[in-house]
Amino acid sequence: MDINEKDYAFFNFLEQKDLSRLKEISFKKSYKKGEILFYKGDESKYLHLLIRGIAKLYTHDFKDNEVVIHNLVGPALIAEIVNYEEINFIANCSFETDSEVLLIDYKKFKEEFLLKPEIAMFFIKSLTKKIKYLESFINYNITLNSIEKIAKFLFENEKLLPSLKQVKIAQILNITPETFSRQLAKLKKDNIIENDKGTIKILDYERLQKIAN
């Protein structure tokens, strides 16, 4: 699949010669909604950069229920810690929308790029974002009640809302669709959100943030 300059905008801090080499060790692939990028246990041969679209990392609990770990909106690295630690993937990854991914040969990337200070900082920043998300994930599932979970998700993920069905958001937050609908109705009644034909729009950011906090 043809690659253009915009596909490498995530690496715009690199010098031109390094950027040219990065292009030589990578290729772009398109995925349809619902397709799998990798399964838990697969070997991590590539560094995956989500260029466009939404990907989800997920696993299953002891009852075989799907548990969503993270939803990623491009541009973003996918499970780069697995590459860095050189272990197999510890979760599955599929796509919530049609997406494009840049697959970078990780062995060559490690040998030629990983020791560069700007790349090391790039990895640190990306991993820091993942840690912050993990903290939020714990808050969603342990410390917050359902209305707080919903408010926090809506406030922090507004760009995702047009692409996610409400049943999917409920699944992400680990609450039942019935509870989600009931709490959403309360937010709508209070004129904090608008819910038109399944599309959620935030009307009052300040009040929504107060509920989330």
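User: What links Tyr106, Phe109 and Phe113 into a cluster?
Analyst: Ring pairs join Tyr106, Phe109 and Phe113. Rings of Phe, Tyr and Trp (its six-membered ring) pair if their centres lie within 6.5 Å; planes under 30 degrees apart count as stacked, over 60 as edge-to-face and the rest as tilted. By this rule there are five aromatic pairs. The model is predicted, so local features need pLDDT of at least 70 and side-chain atom pairs count only at pLDDT 80 or more, while totals for chains, interfaces and linings use all residues. Numbering starts from 1 along each chain as its sequence is written, and side-chain values use heavy atoms, with hydrogens and water left out.

User: What kind of pair do the rings of phenylalanine 27 and tyrosine 46 make?
Analyst: Their centres are 5.5 Å apart and their planes stand at 90°. The centres are within 6.5 Å and the angle is over 60 degrees, so the pair is edge-to-face. Phenylalanine 27 lies in strand β1 and tyrosine 46 in strand β3 (residues 46-52), so the contact ties together parts 19 residues apart in sequence.

User: What makes lysine 56 a charge over the ring of tyrosine 58?
Analyst: The rule asks for NZ of Lys or CZ of Arg within 6 Å of the ring centre and within 35 degrees of the ring normal. The charged end of lysine 56 sits over the ring, 4.9 Å from its centre.

User: Is isoleucine 51 buried or exposed?
Analyst: Isoleucine 51 has a relative accessible area of 8%, under the 20% limit, so it is buried. The residue is in strand β3. Contact means heavy atoms within 4.5 Å; leaving aside neighbours within four places in sequence, isoleucine 51 is in contact with Asp7, Lys28, Gly74, Pro75, Glu100, Val101 and Leu102.

User: How do you know that the buried residues of α1 share a side?
Analyst: In α1 (residues 16-24), Asp18, Leu19 and Leu22 are buried. They cover an arc of only 100° around the axis, which puts them on the same side of α1. The arc is taken from the directions from the helix axis to the C-beta atoms. The face turned away carries the exposed residues Gln16, Lys17 and Glu24. The buried residues pack against β1 (26-31), β8 (99-105) and α3 (106-112).

User: How does the span of α7 compare with the expected value?
Analyst: The expected span is 1.5 Å times one less than the number of residues. Helix α7 (residues 177-189) has 13 residues and reaches 18 Å from first C-alpha to last, close to the expected 18 Å.

User: Which residues of α7 are buried, and why are they placed on the same side?
Analyst: They are Thr179, Phe180, Gln183, Leu184 and Leu187. Their arc around the axis is only 130°, which puts them on the same side of α7. An α-helix has 3.6 residues a turn, so residues three or four places apart point the same way. On the other side of α7, Glu178 and Lys189 are exposed. Elements covering the buried residues include α5 (146-156), α6 (166-172), β9 (193-196), β10 (199-202) and α8 (205-212).

User: What makes a set of residues a nonpolar core, and how many residues has the largest?
Analyst: A core is a set of buried Ala, Val, Leu, Ile, Met, Phe, Trp, Tyr and Cys residues joined through side-chain atoms within 4.5 Å. The largest has 24 residues, and those with the most contacts inside it are Ile150, Phe153, Leu154, Ile169, Phe180, Leu187 and Ile200. The elements giving two or more residues are α5, α6, α7, β10 and α8; the largest share, five residues, comes from α5. A second, separate core of 19 residues includes Phe11, Leu14, Leu114 and Ile119.

User: Is asparagine 191 buried or exposed?
Analyst: Its relative accessible area is 53%, over the 50% limit, so asparagine 191 is exposed. Asparagine 191 is in the loop between α7 and β9, and has a positive phi of about 60° although it is not a glycine.

Key:
Helices (H or I, at least four residues) and strands (E, at least two) are DSSP runs, numbered from the N terminus. Buried means under 20% relative accessible area, exposed over 50%, partly exposed in between (1.4 Å probe, protein chains only).
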